[in-house]
Amino acid sequence: MPTWSFGKSMTSLNQQFDLIRQSATVAMADRILALKASGQPIIGLQVGDPDFATPPSVLDAALRAMQGGLTHYGPSSGYPDLRQAIAAKLQRDEGVAYDPGSEILVTHGGIHAYYTAMQAILNPGDEVLVPDPSWATHANMATMLRGQVVRVPAPAEHGFIPSLDAWEKALTPKSRVIVLNYPSNPTGAYPTREYLQALQELARVHDLWIVSDEVYGSLHYGDRPTSAAAVAGAKDRTLIVNSLSKTYAMTGWRVGFLAAPAQVIGNALKAGQNSITCVAPFIQKAAAFALSDPAIQQATADMRAAYGRRRAAVLRIAQDLGSTKVLVTPPQGAFYFFLDFRPLKRSSVEICERILDEAQVGLVPGSAFGEQGEGFVRMTIAASDEDVEAGFRKIVEWAERQSVEVR
Ligand SMILES: Cc1ncc(COP(=O)(O)O)c(C=O)c1O
């Protein structure tokens, strides 16, 4: 046994992780699972996972690839036909041309696309501007990679999108990256093309990267959101994170992509090679099929229409019940409602715990997404029509039973 010491325990851990709190979401999810396991009839409106099955022909494509022998390592950057299909999708849907040979990387879902993007551009201490509220991983990943997270308020009063002033105010000489996620998880909000153009101009003046998480880009209830890379002069400083998870009901397949300038992809590929080697080859073949088969595009349009019907049903119920204790704003995109419980003047964790115990509906506290989410609760519509309608009624009825305390 050595008797010397380097001044710290030999078993010390990576202290970056002390800066990442296990979110209330995880604790809530555990409680919901435990209650369900004990036989309680919980309506689960907490998950961000489509309730639809992956289209069967995508399963067939994966099976064909497996039977054809694609059960070994594959190319780390992704098969050429998949990168071609991704480039075609980006051209078709976003109107942006990418070179499949040098500007696209196939990743292990959207979260890994975000990981490789941040690994590719971030140096320790760089400041990463993340809107508040936002999906927790946007800030956590930056922290994990030793960036400094700066939260930029996107309050309800501004439609959950930071004002250009708010971005400006957050800038310092160390600012390196702006993170966007539109349509947003948890609010469904997305900005106009003009806003994105102005933000890109700000990024140009201050020499910032824009990392844009567009995993909900195809889930919208009005005009299609503009991709952050689609405005003039944007492509060279923008990294697009996307995946098949939400649009194609393929969350468990773990396949996504990063579209970015070639020198960024060069670094991101090294991050991918040294973390996952490659995405499973048969999954890549299924993804190429899903992105290009016309019948699958129709299936995704049908899923979007179903979310649209559920959204309309929630709005109808909200209008019928006319609650003043839970306020409902129609989401522009994604598959969540960000319900405003601020009239109750209670924490969103308390509200979620009590709705779970007293109304048997599982939800996610808004505070899990940042300070600006306090007083809000995220409810998914990626659940059956019956669950969404019955669950939402229970939520409103619960809210109406509460007295408004003055604290
Ligand atoms: C905003 C956002 N980005 C990325 C992801 C992760 O996507 P994937 O399942 O493709 O990794 C999620 C999942 O909930 C999300 O909400």
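The protein splits into domain 1 (18-47 + 297-401) and domain 2 (57-292), with bounds that come from an automatic or database domain assignment. Before going on, note that this is a predicted model, in which local features need pLDDT of at least 70 and side-chain atom pairs count only at pLDDT 80 or more, while totals for chains, interfaces and linings use all residues. Residue numbers start from 1 along each chain as its sequence is written.

How far apart do the C-alpha centres of domain 1 and domain 2 lie? They lie 26 Å apart. Across the boundary, 25 residues of domain 1 are in contact with 31 residues of domain 2, where contact puts two C-beta atoms, placed from the backbone, within 7 Å. On the domain 1 side that touches domain 2, helix 10 (294-321) and strand 9 each supply at least two residues. Both are DSSP runs, numbered from the N terminus: helices are H or I with at least four residues, strands are E with at least two. Helix 10 has the largest share of that side, with six residues. Sorted by class, the side of domain 1 that touches domain 2 has 11 nonpolar, nine polar and five charged residues. For these classes, Ala, Val, Leu, Ile, Met, Phe, Trp, Tyr, Cys and Pro count as nonpolar, Asp, Glu, Lys and Arg as charged, and the others, Gly among them, as polar.

Now for the strands. Strands of a sheet pair through backbone hydrogen bonds, either parallel or antiparallel. Here, two strands pair if DSSP finds at least two bridges between them. If you want a residue pair to look at, Val 364 has Arg 378 in strand 12 as its bridge partner.

For the parallel sense, look at strand 3 (residues 127-132) and strand 4 (residues 148-153), which pair over six bridges. Val 130 has its bridge partner, Arg 151, in strand 4.

Strand 2 (104-107) is antiparallel to strand 8 (residues 256-259), with four bridges joining them. One of the partners is Leu 258 in strand 8, which bridges to Leu 105. In a regular strand the side chains alternate between the two faces of the sheet. Strand 2 is covered on both faces: Ile 104 and Val 106 on one side, Leu 105 and Thr 107 on the other, all buried. A residue counts as buried if 20 or more other C-beta atoms lie within 10 Å of its own, exposed if 12 or fewer, and partly exposed in between, with C-beta atoms placed from the backbone.

What about the ligand? Of the 13 residues around the ligand, Gly 109, Gly 110, Asn 185, Ser 243 and Ser 245 come nearest; a residue is near if its C-beta atom, placed from the backbone, lies within 6 Å. Helix 4 (residues 109-121) gives the most to this shell, with three residues. The shell has three nonpolar, nine polar and one charged residue.

Most residues other than glycine have a negative phi, and most peptide bonds are trans. The bond from Tyr 182 to Pro 183, though, is cis, with omega near -10°, and another cis peptide bond joins Asn 185 and Pro 186, with omega about 25°. Pro 183 lies in the loop between strand 5 (175-181) and helix 7 (193-205), and Pro 186 is in the loop between strand 5 and helix 7.

Thr 277 has a positive phi near 65°, and Ala 334 has one of about 60°. Buried or exposed? Thr 277 is exposed, with 11 other C-beta atoms within 10 Å, whereas Ala 334 is buried, with 29.
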